[in-house]
Amino acid sequence: MTIDPRLEKEQLSRQIQVLEDENTDMREKIETLQEQLKASNAQLEALDSAITEARRTINHLNHEKSEMTQQMKSMEHEIGDVLQQLNTAQNALEAEKEAHIAALEIERSERQRQQEFFGQALAEAEGESRNAHSQVNDRAF
């Protein structure tokens with residue numbers, strides 16, 4: 001059986017057309033995949049950039065947190081010092097108050113003693129005055 005060269009040519013021509021169509025489809029798929037790859041690469045670069053920026057922000061925030069923690073510790077020490085000074089001042093005021101109370105007690109005691117002394121002196125003077133008055137009255141009669 002011989003194949004007609006014309007038929008064979010047509011058949012080969014159809015096969016070539018099918019292969020060219022498949023080749024065109026494959027090229028279109030490759031172009032589409034290349035565009036998708038470029039888009040994916042661009043997205044990856046954007047994500048890498050965002051991750052890098054997030055890491056910088058996290059590092060900066062960690063640094064600020066560390067500084068604030070140091071400031072808080074320093075403030076805690078300062079507050080402790082101030083509380084200690086306040087306690088010392090309160091103790092000094094309490095001691096001064098006690099000393100003032102003691103001084104007032106001594107002064108009150110001294111005044112009471114003086115009052116008793118002057119009261120006794122007054123009583124003696126009144127007694128002497130009555131005696132003198134009585135003697136004057138006795139002599140007059």
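How many residues apart are E53 and R56 in helix α1? In this model, which is predicted, E53 and R56 both lie in helix α1 and are 3 residues apart, about one turn of the helix.

**Figure 1. The salt bridge between E53 and R56.** The closest N and O atoms of E53 and R56 are 3.3 Å apart, and this salt bridge belongs to a structure in which a search of the whole finds 6 salt bridges. Side chains of opposite charge can pair when their charged atoms come close. With a relative accessible area of 52%, R56 is exposed, whereas E53, at 42% relative accessibility, counts as partly exposed.

**Figure 2. The salt bridge between K97 and E94.** Here the side chains of K97 and E94 meet at 3.7 Å, taken from N to O. Because K97 and E94 are 3 residues apart in helix α1, about one helical turn separates them. K97 is partly exposed, with a relative accessible area of 43%, and E94 is also partly exposed, with a relative accessible area of 38%. The helix that holds E94, helix α1, covers residues 5-140. Between E94 and E78, which are 16 residues apart in sequence, the distance in space is 24 Å from C-alpha to C-alpha.

**Figure 3. The salt bridge between E107 and R111.** In this view the closest N and O atoms of E107 and R111 are 3.0 Å apart. Both residues lie in helix α1, where E107 and R111 are 4 residues apart, about one turn of the helix. E107 is partly exposed, since its relative accessible area is 38%, while R111, at 55% relative accessibility, counts as exposed.

**Figure 4. The aromatic pair of F117 and F118.** The structure holds 1 aromatic pair, and F117 and F118 form it in an edge-to-face arrangement, with 5.5 Å centre to centre and 65 degrees between the planes. The pair counts as edge-to-face because the angle between its planes is over 60 degrees. F118 counts as exposed, at 55% relative accessibility.

**Figure 5. A patch of negative charge on the surface.** The residues that gather in this patch are E20, D21, E22, D25, E28, E31 and E35. One of them, E20, has its place in helix α1. At 44% relative accessibility, E20 counts as partly exposed, because this value falls between the 20% under which a residue is buried and the 50% over which a residue is exposed.

How values were computed. Residues are numbered from 1 along each chain as its sequence is written. This is a predicted model: local features need pLDDT of at least 70, side-chain atom pairs count only at pLDDT 80 or more; totals for chains, interfaces and linings use all residues. Side-chain values use heavy atoms; hydrogens and water are left out. Helices (H or I, at least four residues) and strands (E, at least two) are DSSP runs, numbered from the N terminus. Rings of Phe, Tyr and Trp (its six-membered ring) pair if their centres lie within 6.5 Å; planes under 30 degrees apart count as stacked, over 60 as edge-to-face and the rest as tilted. Buried means under 20% relative accessible area, exposed over 50%, partly exposed in between (1.4 Å probe, protein chains only). Patches are made of residues with over 30% relative accessible area and no salt bridge: like charges are joined within 9 Å, nonpolar side chains (Val, Leu, Ile, Met, Phe, Trp, Tyr) within 5 Å. Accessible areas come from the Shrake-Rupley method with a 1.4 Å probe; for residues, only the protein chains shown count as cover. A salt bridge is a side-chain nitrogen of Lys or Arg within 4 Å of a carboxyl oxygen of Asp or Glu. Lys and Arg count as positive and Asp and Glu as negative; His and the chain ends are not counted. The place of a charge is taken as NZ of Lys, CZ of Arg, CG of Asp or CD of Glu.
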